[in-house]
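Subject: Structure handover

Hello,

Here is the structure for your files. Please open it alongside this message.

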Amino acid sequence: MSDKLEVGLKGEASAAVTDENTAVAYGSGSVSVFATPAMIGLMEKAALSSVDSLLDKGTSTVGMKLEVEHLAATPKGMNVVATSELIKVDGRRLVFNVEARDETELVGRGRHERFIVPLEKFIARAEGKGKS
């Protein structure tokens with residue numbers, strides 16, 4: 001595991017709210033506002049961005065747990081920025097605080113856990129599912 005992974009690392013990701021990332025498009029609701037699954041993906045992207053370049057060669061991280069509150073709706077045309085802060089390194093387990101804000105207010109917050117995996121082994125196991 002990389003010794004460069006330290007508490008306090010921060011990441012950020014942003015997205016414009018468009019027809020493609022609304023609750024209607026995701027099938028997660030009937031209103032054309034930023035979808036909860038899209039917000040979650042943005043939060044994961046922020047967390048990944050803070051550690052990805054610091055990982056040992058041949059490793060990656062995968063999301064394994066997420067506890068999120070979606071606090072406010074964001075309409076099409078606005079931007080959403082997700083931020084993350086690494087708050088715990090426990091072996092291969094990484095824990096992040098995550099937030100999402102639109103141009104007006106806090107729209108989501110929570111905690112996200114990622115796990116460092118050997119990439120080749122992880123992919124081989126996933127591709128081996130269902131094969132005899």
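My notes on the fold, the sheet, the helices and the pocket follow.

First, the ground rules. This is a predicted model: local features need pLDDT of at least 70, side-chain atom pairs count only at pLDDT 80 or more, and totals for chains, interfaces and linings use all residues. Residues are numbered from 1 along each chain as its sequence is written, and side-chain values use heavy atoms, with hydrogens and water left out.

**Overall fold**

The protein has 3 helices and 5 strands. Both kinds of element are DSSP runs, numbered from the N terminus: helices are H or I with at least four residues, strands are E with at least two. Along the sequence the pattern reads β-α-α-β-β-β-β-α. The C-alpha atoms fill a box of roughly 40 × 40 × 20 Å along the principal axes.

The 5 strands make an open, antiparallel sheet in the order 1-3-4-5-2. Strand 1 (10–16) and strand 2 (59–70) are the edges; each has a single partner strand, so one side of each lacks a neighbour in the sheet. On average, neighbouring strands are turned by 25° against each other, direction ignored. Strands count as paired if DSSP finds at least two bridges between them.

Now the pairs:

- Strand 1 and strand 3 run antiparallel and are joined by 7 bridges. Glu 12 has Thr 83 in strand 3 as its bridge partner.
- Strand 3 (residues 79–90) pairs with strand 4 (residues 93–101) over 9 bridges, antiparallel. Ser 84 is opposite Val 98 in strand 4. The hairpin of these two strands has 2 residues between them, and Gly 91 there takes a positive phi near 65°.
- Strand 4 also pairs with strand 5 (residues 106–118), antiparallel, over 9 bridges. Arg 101 has Leu 106 in strand 5 as its bridge partner. This hairpin has 4 residues between the strands.

**Helices on the sheet**

Helix 2 (residues 36–51) lies across strand 1, strand 2, strand 3, strand 4 and strand 5, at about 145° to strand 1. Helix 3 lies across strand 2 and strand 5, at about 95° to strand 5. Contact means heavy atoms within 4.5 Å. Axes are lines fitted to C-alpha atoms, for helices over the stretch in contact, and angles run from 0 to 180 degrees between N-to-C directions.

**Salt bridges**

The whole structure holds 7 salt bridges (a side-chain nitrogen of Lys or Arg within 4 Å of a carboxyl oxygen of Asp or Glu). In one of them, Arg 114 pairs with Glu 44, with the closest N and O atoms 3.2 Å apart. That pair links distant parts of the chain: Arg 114 is in strand 5, Glu 44 is in helix 2, and they are 70 residues apart.

**Largest pocket**

A pocket here is an open set of points on a 1 Å grid over the protein atoms alone, where a 1.4 Å probe fits, with protein on both sides within 12 Å along at least five of seven lines; lining residues have an atom within 4 Å of a point.

Which residues line the largest pocket? They are Arg 92, Val 117, Pro 118, Lys 121, Phe 122, Arg 125, Ala 126 and Lys 129. Helix 3 gives the largest share, 4 residues.

Best wishes
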